[in-house]
Amino acid sequence: MELEKNVFVGTYARAPVVIQSGKGCELYDVDGKEYPDMTAGIAVYSLGDGDPDWVNAMIEQAHTLTHVGNVYYSIPQVRLEFYLIYLYGCDSWKAPPVANSGTEANEAAIKFARKFQRFSHPDKKLPTTEFIAFTHSFHGRTMGSVALTSKEHYRLPFEPVMPGVKFIEYGNFEEAKKAMQHGKTAAVFIEPI
Ligand SMILES: Cc1ncc(COP(=O)(O)O)c(C=O)c1O
């Protein structure tokens with residue numbers, strides 16, 4: 001922990017624990033102390049550590065093909081997208097591009113919303129670009145996601161950010177309905193669990 005201060009920009013507020021290994025939903029620190037994993041990587045990794053099926057799939061894939069660029073087709077990617085559509089339960093949809101992180105997924109959502117608005121109303125001189133987001137939100141650390149993040153601590157240091165974001169009090173449905181205006185609102189941004 002002391003050494004890290006010398007070499008790492010202090011972006012994250014960390015708990016004073018050095019995690020070394022994990023098995024299932026148990027984590028172990030460098031002294032071998034056991035902790036139940038109550039966070040799952042901030043709610044993104046629900047398989048636990050060292051899941052045998054996941055480990056085997058990773059090993060098999062690493063032996064088969066390490067990387068394929070987006071300029072080629074890849075069968076597992078198509079299979080995944082069919083599965084995502086099945087999970088959404090809506091076979092008239094198309095799955096979004098696969099991203100490396102939550103914030104990139106949100107950047108893609110922002111760009112899809114803007115592009116959709118621009119091409120839906122080609123005659124409009126100024127395309128519809130207003131976004132509605134909600135108080136207490138955090139959507140990631142890239143510039144678009146930061147613009148949609150209401151928590152000032154994450155947004156203010158980077159201003160000016162993407163303009164046209166309106167924050168509505170979370171849970172105030174009447175205010176949200178009033179704010180959503182045809183021809184003005186490009187998208188409403190909320191991350192459900
Ligand atoms: C609600 C929410 N949205 C987006 C993100 C950004 O995800 P990532 O860190 O994978 O970019 C996070 C990360 O903590 C999050 O909690």
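This is a predicted model: local features need pLDDT of at least 70, side-chain atom pairs count only at pLDDT 80 or more; totals for chains, interfaces and linings use all residues.

Entry 1, domains. I started with the overall division of the chain: domain 1 covers 2-64, domain 2 covers 68-98 and domain 3 covers 102-188. Next I checked how far apart the C-alpha centres of domain 1 and domain 2 lie, and got 28 Å.

I looked at Ile 42, which sits in helix H2, residues 40-43. Its phi is near 55°, a positive value, and Ile 42 isn't a glycine. Is Ile 42 buried or exposed? I found a relative accessibility of 77% for Ile 42, and exposed means over 50%, so Ile 42 counts as exposed.

Then I moved on to Ala 43, also a part of helix H2. Here I read a phi of about 60°, positive again in a residue that is not a glycine. The relative accessible area of Ala 43 is 70%, and with the cut-off at over 50%, Ala 43 is therefore exposed.

Which form does the bond from Glu 159 to Pro 160 take, I wondered? I saw that this peptide bond is cis, with omega near 0°. Where is Pro 160 found? I traced Pro 160 to the loop that runs between helix H7 (152-155) and strand S5 (165-168).

Methods
Residues are numbered from 1 along each chain as its sequence is written. Side-chain values use heavy atoms; hydrogens and water are left out. Helices (H or I, at least four residues) and strands (E, at least two) are DSSP runs, numbered from the N terminus. Buried means under 20% relative accessible area, exposed over 50%, partly exposed in between (1.4 Å probe, protein chains only). Domain bounds come from an automatic or database domain assignment.
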